[in-house]
Amino acid sequence: QVQLTESGGGMVQAGDSLILSCTASSRAFDGTTMSLAWFRRAPGQEREFIASISKNTGATSYADSVRGRFAISKDNTKKTVLLQMNTLKSEDTAVYYCAMRRFGRSAYEVWGQGTQVTVTA
């Protein structure tokens with residue numbers, strides 16, 4: 001079973017950049033058609049979708065709030081998905097989570113523990 005671990009969070013100033021990393025720890029990753037995604041949950045808010053990428057095709061999708069500033073990418077050999085975050089704003093402050101869903105499943109099935117991103121204005 002795939003397990004996900006996020007890293008790369010921290011405290012930065014508005015306008016700075018960060019790269020978040022999510023690594024899958026299971027060998028089942030290689031033989032599974034799946035989508036990998038980033039979500040975030042800000043203080044007092046519900047968890048929201050940020051971006052996703054197909055492990056198999058590379059097709060991406062972005063939330064309107066981050067389109068043009070964030071970029072999702074992957075490295076199948078390293079079993080890793082990255083989130084490049086540019087021009088960070090205070091409203092980007094949240095716990096960021098990595099998630100996975102298999103082809104044919106509508107809901108995300110596996111979640112990481114999250115990594116904190118704090119942006120000071």
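Leaving out residues up to four places away in sequence, I19 touches S7, G8, L82, L83 and Q84, where contact means heavy atoms within 4.5 Å. The structure is a predicted model, in which local features need pLDDT of at least 70 and side-chain atom pairs count only at pLDDT 80 or more, whereas totals for chains, interfaces and linings use all residues. Residues are numbered from 1 along each chain as its sequence is written, and side-chain values use heavy atoms, with hydrogens and water left out.

I19 is placed in strand 3; strands (E, at least two residues) and helices (H or I, at least four) are DSSP runs, numbered from the N terminus. With a relative accessible area of 45%, I19 is partly exposed. On this scale, buried means under 20% relative accessible area, exposed means over 50%, and partly exposed lies in between (1.4 Å probe, protein chains only). I19 and A71 are 52 residues apart along the chain, and their C-alpha atoms are separated by 9.4 Å. S21 is also found in strand 3 (residues 18–24), and its relative accessible area of 17% makes it buried. Residues up to four places away in sequence aside, S21 touches T5, E6, S7, W38, T80, V81 and L82. Five of the seven residues of strand 3 are buried, so this strand is largely enclosed by the rest of the structure.

Four bridges connect strand 1 and strand 3 in the antiparallel sense, and E6 stands opposite C22 in strand 3. Strand 3 in turn pairs with strand 8 over six antiparallel bridges, with T23 opposite T80 in strand 8. Strand 8 (residues 80–85) is joined to strand 7 by six bridges, and these two strands run antiparallel; here S73 faces L82 in strand 8.

Further pairing involves strand 11. Strand 2 (residues 10–13) runs parallel to strand 11 and is joined to it by four bridges, with Q13 opposite T120 in strand 11. Strand 9 and strand 11 are paired in the antiparallel sense over three bridges, and T115 in strand 11 is the bridge partner of Y96. The covered face of strand 11 holds T115, V117 and V119, while Q116, T118 and T120 form its uncovered face.

The largest nonpolar core contains 30 residues, and W38, L83, M85 and Y96 have the most contacts inside it. Such a core is a set of buried Ala, Val, Leu, Ile, Met, Phe, Trp, Tyr and Cys residues joined through side-chain atoms within 4.5 Å. At least two residues of this core come from each of strand 3, strand 4, strand 5 (48–54), strand 7, strand 8, strand 9 and strand 11 (115–120). Neighbours within four places in sequence aside, the contacts of L83 include L18, I19, W38, I50, F70 and Y96.

Aromatic rings were also examined. Rings of Phe, Tyr and Trp (its six-membered ring) pair if their centres lie within 6.5 Å; planes under 30 degrees apart count as stacked, over 60 as edge-to-face and the rest as tilted. Four aromatic pairs are counted by this rule. In one of these, the ring centres of F39 and Y108 are 5.2 Å apart and the planes lie at 80°, so the pair is edge-to-face. Because F39 lies in strand 4 (residues 34–41) and Y108 in the loop between strand 9 (94–102) and strand 10 (110–111), the pair ties together parts that are 69 residues apart in sequence. F39 is buried at a relative accessible area of 11%, and Y108 also counts as buried, at 16%. Ring pairs link F39, F49, Y108 and W111 into a cluster.

The charged end of R47 sits over the ring of W111, 3.8 Å from its centre. A charge sits over a ring if NZ of Lys or CZ of Arg is within 6 Å of the ring centre and within 35 degrees of the ring normal. K55 lies over the face of F29, at 5.0 Å from the ring centre.

Notes
Two strands pair if DSSP finds at least two bridges between them.
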